[in-house]
Amino acid sequence: MTSLQACVVHGAGDLRIEDRAPAAPGPGEVAIAVAYGGICGSDLHYYHRGAVGDFTVREPMVLGHEVVGRVAELGPGTPGPAVGDAVAVHPATPCGECRECREDHRNVCSRSRYLGSAAHSPHVQGGFTRRLVVPADQVRALPAGLDLSRAVLAEPLSVALHAVRQAGDVRGKRVLVTGAGPIGCLVVAVLRHAGAAEVVVSDLLAQPLATASAVGATATVPAGRPEDPAWPDDVDVAIEASGAPAGLAACVRRIRRGGTVVLLGLLPTGETGFLGNVVVTREITLRGAFRFDHEFAEALELLAGDLPVDPVVTHTFPVTDVIAAFDLAGDRSVASKVLIDFTVEEGSRR
Ligand SMILES: NC(=O)c1ccc[n+]([C@@H]2O[C@H](COP(=O)([O-])OP(=O)(O)OC[C@H]3O[C@@H](n4cnc5c(N)ncnc54)[C@H](O)[C@@H]3O)[C@@H](O)[C@H]2O)c1
Ligand SMILES: [Zn+2]
Ligand SMILES: [Zn+2]
């Protein structure tokens, strides 16, 4: 193999497939032959706007932080996993030294490096490449019986697991989830698995709501119709997974006294208004949920079981069609999670 295709963003609207020289794994590192990558909202933002929030692409950056594949080569002194083993990549490298890291709150480490992120300079190159070199401690062997094409959901499922953990014990509870994109739908599956009795899901679009039903929502409601009788009142828990201020407003409006609202969706930068007095008079708990840490292992175990999340993956494109993959992935009226298949031969087309 002389060169390797990688999906590189150069700025807003400028995504290219480029050949990159294959890097050799250094001491303690693993080279992975990437099999699948999942396109995430942040990848789409880097592609469309050249930025995620305030993090702007200032140099060419390989996208992607949801990646799985097989071990291709071990660096000097790297004990394992064995060449050929199927693995998933934990995308975060926390600093290990700050207060948050020392207190086992590593998902909020401000110095954490995340695959395919422009938060730091130089940027952290991502995993949408045929061959990815990472430190061995980011690599997790897949549990027996778990296919690579399902394991690629481990990263967003970890996000969902963390958000549900922030909600506390949901057994027997009534829950509202606002937003039925890939993240909201994975939250639904986790809520049902964790024993939530009712999970009502809102979205503006029909397709995401259909996916939410397929993964376990007990009812769905159109977000644009506040008078719809399907809206629940007095839910025990609400998880905001739309990133829209209107989604947060619905969560705060529908929560019972003493209930918990988890903010998972990334709201527009700047201030967001909502009914703050309801938080006071109903003694609502507001909790944030950012990324994940130990949940990654749990996500792989759940995927090896029968968690019904397959409907979340709606399309798979060969890496040679990556622009088409990104364009479709941004259209929630048809697509939920879109995968890139890196196992196709170079030069081949669909
Ligand atoms: N906190 C974290 O660690 C973390 C991690 C990953 C993603 N996110 C965020 O979570 C959110 C969901 O991620 P995703 O990939 O599923 O995004 P997405 O954009 O694919 O899905 C959002 C869904 O919300 C729907 N929506 C828009 N306005 C709505 C409203 N007012 N009420 C209900 N639904 C509405 C959209 O139609 C869409 O289906 C995004 O904001 C994303 O940035 C946060
Ligand atoms: Zn992601
Ligand atoms: Zn740290």
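Here is our chat about the ligand, the helices and a few backbone details.

Modeller: Before we start, this is a predicted model, where local features need pLDDT of at least 70 and side-chain atom pairs count only at pLDDT 80 or more, while totals for chains, interfaces and linings use all residues. Residues are numbered from 1 along each chain as its sequence is written, chains are lettered from A and ligands numbered from 1 in the order written, and side-chain values use heavy atoms, leaving out hydrogens and water.

Biologist: Good to know. How many residues surround ligand 1?

Modeller: A residue is near a molecule if one of its heavy atoms lies within 4 Å of it. Among the closest are Asp-203 and Arg-332. The shell divides into 14 nonpolar, seven polar and three charged residues (Ala, Val, Leu, Ile, Met, Phe, Trp, Tyr, Cys and Pro are nonpolar, Asp, Glu, Lys and Arg charged, and the others, Gly among them, polar). The number surrounding ligand 1 is 24.

Biologist: And how much of ligand 1 does the protein bury?

Modeller: Start with a backbone N or O atom of Ala-289, which lies 2.8 Å from a nitrogen atom of ligand 1. Taken alone, ligand 1 exposes 840 Å² (Shrake-Rupley method, 1.4 Å probe). Of that, the protein buries 82%.

Biologist: Which residue has a backbone N or O atom 3.0 Å from an oxygen atom of ligand 1?

Modeller: Helix H5 (182-193) is one of the elements supplying at least two residues of the shell; helices (H or I, at least four residues) and strands (E, at least two) are DSSP runs numbered from the N terminus. The backbone atom lying 3.0 Å from that oxygen belongs to Ile-183.

Biologist: Are H4 and H9 roughly parallel or roughly perpendicular to each other?

Modeller: Axes are lines fitted to C-alpha atoms over the stretch in contact, with angles from 0 to 180 degrees between N-to-C directions. H4 (residues 154-166) and H9 (residues 295-304) pack at about 110 degrees, their axes 8 Å apart. Angles of 65 to 115 degrees count as roughly perpendicular, under 35 as roughly parallel, over 145 as roughly antiparallel and the rest as oblique. H4 and H9 are therefore roughly perpendicular.

Biologist: Which residue is joined to Gly-80 by a cis peptide bond?

Modeller: Look in the loop between strand E7 (67-74) and strand E8 (86-89). The bond there has omega of about 0 degrees, and the residue joined to Gly-80 is Pro-81.

Biologist: Last one: what is phi of Glu-283 near?

Modeller: Glu-283 sits in the loop between helix H8 (276-281) and strand E18 (285-288). Its phi is positive in a residue other than glycine, near 45 degrees.

Definitions and conventions
A polar contact is a pair of N or O atoms within 3.5 Å; within protein, one must be able to donate a hydrogen and the other to accept it, and residues adjacent in sequence count only if both atoms are side-chain atoms.
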